[in-house]
Amino acid sequence: MRLINLTLDSYNILIGILLFISISLRHVVNSKVKSGFQSIVIMNIVMAAFHVVSLLFEGNTSPAGNIIYPIAVFIFYLLSFTVLVASGVEIMFYLNLEKYRKAFLAIAAVFLGIYCIILLITPFNGLLYVITQNNTLVHGNLYNFYLGFQLVLYFNTVFYILLNSKSINKEHITFLISFMLFPQIMQFVQIGVHGIALTNTGFTISFLIMFIHSNQRLEENLDNIEYQLEAKDTELQDRIIEIEHSKLEFIKMQNHTIESLSNLVENRDEDTGEHVRRTREYVELIAVQLMKNNHYTDILTPRYVRFLKRAAPMHDIGKIVVPDAVLKKPGRLTPEEFKLIKNHAAEGGRIVHEILDGYEDPEYIQITADIAKYHHEKWDGTGYPDNLKANAIPLSARIMALSDVFDALVSPRVYKSSMSYDEAFKLIEENIGIHFDPIIAQEFLNIREKAIAINESYKKK
């Protein structure tokens, strides 16, 4: 029988170590449950180890045996009851239910305290067990009382589960009851079969059940989380598509509004309103040509060109503050009137920020504001409103300046007739490095046929 007990305890220790490693490597349910589970598995390993020691030194009446055997028996009895209490507490944390928790813990603490007091005085009066002169163990007068304590703790845990049954899945109730019954069943078998020790084995089986169930529950939770994530991902993708569609519609509507507003401003100058559309095409034409020949690569990107094209219609938005009498005057402007005209550039930058700030991409706002404010600056620094010079003038404004001047030259206005293409290109060439960025002007001259084609296409409309 000793060999059977040693074999059982060896298996309990081995399985306990494997369980502890598995628990350490995996999430059980939550960190508190994981820590509790590790603790009771360690206690069960230690209990089995001291039971092995007691079996090895049972009947050994040597001085070492007389010391080691009583200590091993005492620790075994202490842990056999403590593991039971700890298992009940572990179930309580596993369920994570507040109802009746304090009452459960109070009962468990009281009975554990009483048991520890009885156990401490047992070596002196033999209440739970008696160690004979031959260094063997016999049950004490209160051994049945010890079993009764265990039953009370079991019923305490059962009542806790039943009182919270409405909040617990039925499948979990079945698992929890089976978890608790195995140690008790094993103990009754142990009483019936004299000499065999099955308490540790009962706890080991219970821990295996709890570990398997916890992992199964974890897998179910992971599957459920994965399903929820997939559903959320689908919902999020649909939402993104909806937002992108709304954004595109908003941008389309905004572009139409900006173009209409720009046309309205231009129409005050008795232009056909097509000036904003033509200059937008010239701007794109020039920007693409510059990119193709690797000019200003640190600034020009497809995104920048896209923003530049959208911003171009806003270049003269500041004219909205110029009185009609000045804007539509067919003759030469007085210095005071010209000052009013010049003011539209600075006002344009301000108006752009008032309209777009908080509603558009900051880069787009900056490009639009630069175009509106600085498209009358000149390369040699004689322009307005800030007399910027050369590369100090934003690239967007330098591109817009050439587009605006070219369209103004070849289009009739209230104060002038249109200029021929040859005359316009000659004037632009003469102003390279004076009015216009030399690189931009030269590239524009290289694609004059495309510029002419754009202008002619609007005459046919």
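Author: Rings of Phe, Tyr and Trp (its six-membered ring) count as a pair if their centres lie within 6.5 Å; planes under 30 degrees apart are stacked, over 60 edge-to-face, and the rest tilted. This is a predicted model, in which local features need pLDDT of at least 70, side-chain atom pairs count only at pLDDT 80 or more, and totals for chains, interfaces and linings use all residues. Residues are numbered from 1 along each chain as its sequence is written, and side-chain values use heavy atoms, with hydrogens and water left out.

Reader: How many aromatic pairs does a search of the whole structure find?

Author: The search covers the whole structure.

Reader: Which kind of pair do Phe406 and Phe444 form?

Author: The ring centres of Phe406 and Phe444 are 5.1 Å apart. Their planes stand at 70°, so the pair is edge-to-face.

Reader: Where in the chain do Phe406 and Phe444 lie, and how many residues apart are they?

Author: Helices (H or I, at least four residues) are DSSP runs, numbered from the N terminus. Phe406 belongs to helix H13 (residues 395-410) and Phe444 to helix H15 (residues 438-446). The pair thus links distant parts of the chain, separated by 38 residues.

Reader: What is the angle between the planes of Phe425 and Phe444?

Author: Phe425 and Phe444 form an aromatic pair, 5.9 Å centre to centre. The pair is tilted, and the angle between the planes is 45°.

Reader: Which residues form one aromatic cluster with Phe444?

Author: The cluster includes Phe406 and Phe425. Together with Phe444, its members are Phe406, Phe425 and Tyr282.

Terms used:
Helices (H or I, at least four residues) and strands (E, at least two) are DSSP runs, numbered from the N terminus.
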